[in-house]
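Morning, everyone. I have one structure to go through, so please look at the screen.

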Amino acid sequence: MTLRRRWAPYLLLAPSALFLVIFFATPMVQSFSLALQDRSGNWSLETLQRMVEDPNFASALQTTIILVILVIPIQFVLAMAMALVINARLKGISLWLYVYALPLAISELAAGLVWSAIFFQRGWLNSILISLGMIDTPIVCQSAETQWLLITIIVVTEAWRATSIIMIILVAGLQSIPDEYIEAAEVYGATLWQRVRRVILPMLRPALQVALILRVILAIQVFATVIALAGSALTVLADQAYTYSTEILDDNVAAAYASVILFLSIVSSIAILWLLPVKDEQQA
């Protein structure tokens, strides 16, 4: 092996590695450093203590975890169904793919505003229900008394907005599965559920792994959708980090909240890699 061929892989990886060092590793170290310093710049756990003692910390952490637990299973079931439809290559499948992928063109904030126009006090849903005589007064969602209704609306919005991301990854994974395996299962009389469970899902693990990690991380970082739909009635970790950075002007506590988000993302990614090992990892 020549010297050029030996170093070629490292040279190809160098731009990506440099990008990660500049835009990921460096901010991550700076965030952890700020979180472990007090206002005078001395190393201390005071900032973490102030974050934990924040009245909104527990509710922000709880809401973030609840959203992750509710959103991810719903999105994966929907994405899997959508991917199977796309992979079936039915007539007019290009139109279905366009319809499924349309929410990808809408930002997180715009999606929140669209769904707030549907659900909230002067929204379409209340107007229709009142015109039909089904309710006398509008249903108010943005309040502490309707917190679970508000969470449900956020889950629906996130499922509509981001399911297509998972679908595209799963479609790519499905197209990498040789048709012979699925055809053999059909010949032996396997039902659709048996083919999905015994053939498709085991061979789809690499794609599932990538999609699950990506979506969990994005769910932990959810921000604009919650702000657009809930306002101040509900808070998440990213919202608290933003509040401390721009309104309270305490970068240390904001960095502490960001560090919690990063810690949850790393832990969830490690857990997914452990729970969904691909074939090479299993053999190792």
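Predicted model: local features only at pLDDT ≥ 70, side-chain atom pairs only at ≥ 80, totals over all residues.

Start with helix 12, residues 237-246, and helix 13, residues 251-275. Their axes are 7 Å apart, and the packing angle is about 160 degrees. Angles over 145 degrees count as roughly antiparallel, so helix 12 and helix 13 are roughly antiparallel to each other. Their crossing is left-handed. On the helix 12 side, the contact is made by Leu237, Ala238, Gln240, Ala241, Tyr244 and Ser245. Helix 13 brings Asp251, Val253, Ala254, Tyr257, Ala258, Val260, Ile261 and Leu264. Sorted by class, that contact has 11 nonpolar residues, two polar and one charged.

Staying on helix 13, that is where serine 268 is found. Is serine 268 buried or exposed? The relative accessible area of serine 268 is 16%, and buried means under 20%, so serine 268 is buried. Setting aside neighbours within four places in sequence, serine 268 is in contact with Val216 and Ile220.

Now the cores. The largest nonpolar core has 46 residues. Those with the most contacts inside this core are Met167, Leu170, Ile200, Leu204 and Tyr257. Helix 12 and helix 13 are among the elements that give two or more residues to this core, but the largest share, 10 residues, comes from helix 3.

Take leucine 204 as an example. Not counting residues up to four places away in sequence, leucine 204 touches Met80, Leu170, Gly173, Leu174 and Ile177.

Definitions and conventions: Residues numbered from 1 in each chain as written. Heavy atoms only, no water. Axes fitted to C-alpha atoms, helices over the stretch in contact; angles between N-to-C directions. Helix = DSSP H or I, 4+ residues; strand = E, 2+ residues; numbered from the N terminus. Parallel < 35°, antiparallel > 145°, perpendicular 65-115°, else oblique. Left-handed = near helix turned anticlockwise from the far one by under 90°. Contact = heavy atoms within 4.5 Å. Nonpolar A, V, L, I, M, F, W, Y, C, P; charged D, E, K, R; others polar. Buried < 20%, exposed > 50% of the residue type's maximum accessible area, 1.4 Å probe, protein only. Core = buried A, V, L, I, M, F, W, Y, C linked by side-chain atoms within 4.5 Å.
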